Amino acid sequence: MSESSTSGVRDMTVAAAFAGMRSVAPVLFRAGCPDCRGRFELAASALRLAIGATNRTTFYSFTCPDCGAVVRKPAGERIVELLTGGGVRTLRLHSTL
């Protein structure tokens, strides 16, 4: 590129660079409580994902907004993919071997 064609990029403000961007809607996950049988949607920030060494130690958890119960459910590969892609905070559990 020539000097003149790159000088416009260096002079661009942050506001101009992001002017055409739209805001991104937050990801919501559908969930249900086994205690009160409530059905609701939760933001990624309301969920936690723990990835263990096996399927038995990989799960997601949340607190039911209806009854306050702490809910823990198993998470297979597809659930892990969806939750991590949606911004859910992840904790990797280490084995003690």
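Trainee: How far is the sulfur of cysteine 33 from the closest cysteine sulfur, and in which residue is that one?
Mentor: Keep in mind that this is a predicted model. A disulfide needs two cysteine sulfur atoms within 2.5 Å. The sulfur of cysteine 33 is too far from its closest partner for a bond, the gap being 3.8 Å, and that partner sits in cysteine 67.

Trainee: And cysteine 64, which cysteine sulfur is nearest to it?
Mentor: Cysteine 64 is in no disulfide either. Its nearest cysteine sulfur is 3.7 Å away, against a cut-off of 2.5 Å. The residue holding that sulfur is cysteine 36.

Trainee: Is cysteine 33 buried or exposed?
Mentor: Anything under 20% relative accessible area counts as buried. Cysteine 33 has 5%, so the label is clear: buried.

Trainee: Switching to the rings, how are phenylalanine 40 and phenylalanine 62 arranged, stacked or edge-to-face?
Mentor: A pair of aromatic rings is described by the distance of the centres and the angle of the planes. Here the centres are 5.9 Å apart and the planes meet at 75°. Planes over 60 degrees apart give one label, so phenylalanine 40 and phenylalanine 62 are edge-to-face.

Trainee: How many residues apart in sequence are the parts which that pair ties together?
Mentor: Phenylalanine 40 belongs to strand E2, while phenylalanine 62 belongs to strand E4. Both phenylalanines are buried.

Trainee: Which residue forms a stacked pair with phenylalanine 62?
Mentor: Stacked calls for planes under 30 degrees apart. The pair in question has 20° between the planes and 6.3 Å centre to centre. Phenylalanine 62's partner there is tyrosine 60.

Trainee: Which residues make up the aromatic cluster?
Mentor: Phenylalanine 62 pairs edge-to-face with phenylalanine 40 and stacks with tyrosine 60. Tyrosine 60 is buried at 16% relative accessible area, and phenylalanine 62 is buried at 3%. The one cluster they form is Phe40, Tyr60 and Phe62.

Trainee: What is the phi of arginine 37?
Mentor: Arginine 37 is in the loop between strands E1 and E2. With 70% relative accessibility, arginine 37 is exposed. Although arginine 37 is not a glycine, its phi is positive, at about 65°.

Trainee: Which residues does arginine 39 contact, leaving aside neighbours within four places in sequence?
Mentor: Arginine 39 is in strand E2 and, at 70% relative accessibility, counts as exposed. Its C-alpha is 8.8 Å from that of aspartate 66, 27 residues apart along the chain. Contact is about heavy atoms within 4.5 Å, and for arginine 39 the list reads Ala31, Gly32 and Asp66.

Trainee: Last one: which strand runs parallel to E3?
Mentor: Three bridges join E3 to E4, and those two run antiparallel; there, arginine 48 stands opposite serine 61. On the parallel side, four bridges are found, and alanine 50 has leucine 91 as its bridge partner. The parallel strand is E6.

Terms used
Residues numbered from 1 in each chain as written. Predicted model: local features only at pLDDT ≥ 70, side-chain atom pairs only at ≥ 80, totals over all residues. Heavy atoms only, no water. Pairing = 2+ DSSP bridges. Buried < 20%, exposed > 50% of the residue type's maximum accessible area, 1.4 Å probe, protein only. Phe/Tyr/Trp six-rings, centres within 6.5 Å; stacked < 30°, edge-to-face > 60°.
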